[in-house]
Amino acid sequence: MITKRIIPCLDVKDGRVVKGVQFLNLRDVSDPVKLARYYSDSGADELVFYDITASFEQRKLFTDILTRVASEIFIPLTVGGGISELADFERVLSCGADKVSVNSGAVKQPKLIEQAAKRYGDQCVVLSVDVKRVGTAWHVFLNGGRTDSGLDALEWVKQGQELGAGEIVVNSMDTDGVKGGFDLALLREVCNVVSVPVIASGGAGCMEDFAQLFREVPEISAGLAASVLHFGEIAIPDLKRYLAENGVCVR
């Protein structure tokens, strides 16, 4: 079995880490630099940093906080928010990011994925997809989950891989913050149509949810979480110990 990764996610708004339910009703959590340092020291395998209102506000990602976060951690850092052109990749990478996450900007300009992959390598380009069930289909949503693009999510992740995305983060809006478990049906479908690593995001409520994720969708590369980690409901060392005891290969 491939070693599974545990990845905390920092959703940053106005310089603070926040968290909501299904992308709504955001509440304050902590200082991003302090929280990033805590996760780095606690055994997180990677860290994701999203400037969650950059695309909606049509501005560039705030790099001052990002630079401080990058200087405090010793694990890979993926950064996203307001990435709309190749120059944004350069700016974020120069602040200390290891990988760059594209979402709304890639939907509006798919060639951005291809351009970035050619310049920086596939391993640097992460396609993040906010997905919500609409009728019998899964649609891609933009601008922090505010706008239904009408795109079929499964077709979009396939296209993203073909353009050069080296990793895909699937953010289930239906399960986000609900703490009722990951969206296994959606994740199975995504893993069926792509071959690059897939990161599951949205729905973790207890340690068993992670075990179920890796057991029932073995192709999943990593579990990403926010609420249960931010509010101390799960500690990463305890989670890794639990997963190992339940047959999941972790670092």
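View 1. Lys179 is partly exposed at a relative accessible area of 29% (buried means under 20% relative accessible area, exposed over 50%, and partly exposed in between, with a 1.4 Å probe and protein chains only). The residue lies in the loop between strand S10 (167–172) and helix H7 (184–193); helices (H or I, at least four residues) and strands (E, at least two) are DSSP runs, numbered from the N terminus. Most residues other than glycine have a negative phi. The model is predicted: local features need pLDDT of at least 70, side-chain atom pairs count only at pLDDT 80 or more, and totals for chains, interfaces and linings use all residues. Residues are numbered from 1 along each chain as its sequence is written, and side-chain values use heavy atoms, with hydrogens and water left out.

**View 2. Asp14 in the loop between S1 and S2.** Asp14 is found between S1 and strand S2 (16–21). Although Asp14 is not a glycine, its phi is positive, at about 55 degrees. The residue is exposed, with a relative accessible area of 56%.

**View 3. Lys99 and its surroundings.** Lys99 belongs to strand S6 (residues 99–102) and counts as buried at 11% relative accessibility. Its side chain makes polar contacts with the side chain of Glu46 (3.0 Å) and with that of Glu167 (3.0 Å). A polar contact is a pair of N or O atoms within 3.5 Å; within protein, one must be able to donate a hydrogen and the other to accept it, and residues adjacent in sequence count only if both atoms are side-chain atoms. Not counting residues up to four places away in sequence, Lys99 touches residues including Arg5, Leu77, Val79, Gln123 and Cys124 (contact means heavy atoms within 4.5 Å).

**View 4. The buried face of helix H10.** In H10 (residues 236–245), the buried residues are Ile236, Leu239, Lys240 and Leu243. Seen down the helix axis, they fall within an arc of 95 degrees and therefore line one face; the arc is that of the directions from the helix axis to the C-beta atoms. Their cover includes strand S1 (5–13), helix H1 (32–42), helix H8 (207–216) and helix H9 (227–230). Gly247, with a positive phi near 85 degrees, follows H10.

View 5. Strands S8 (residues 137–142) and S9 (residues 147–152) pair in the antiparallel sense over three bridges; pairing requires at least two bridges found by DSSP. His139 stands opposite Asp152 in S9. Four residues separate the two strands of the hairpin, and Asn143 in the turn has a positive phi of about 55 degrees.
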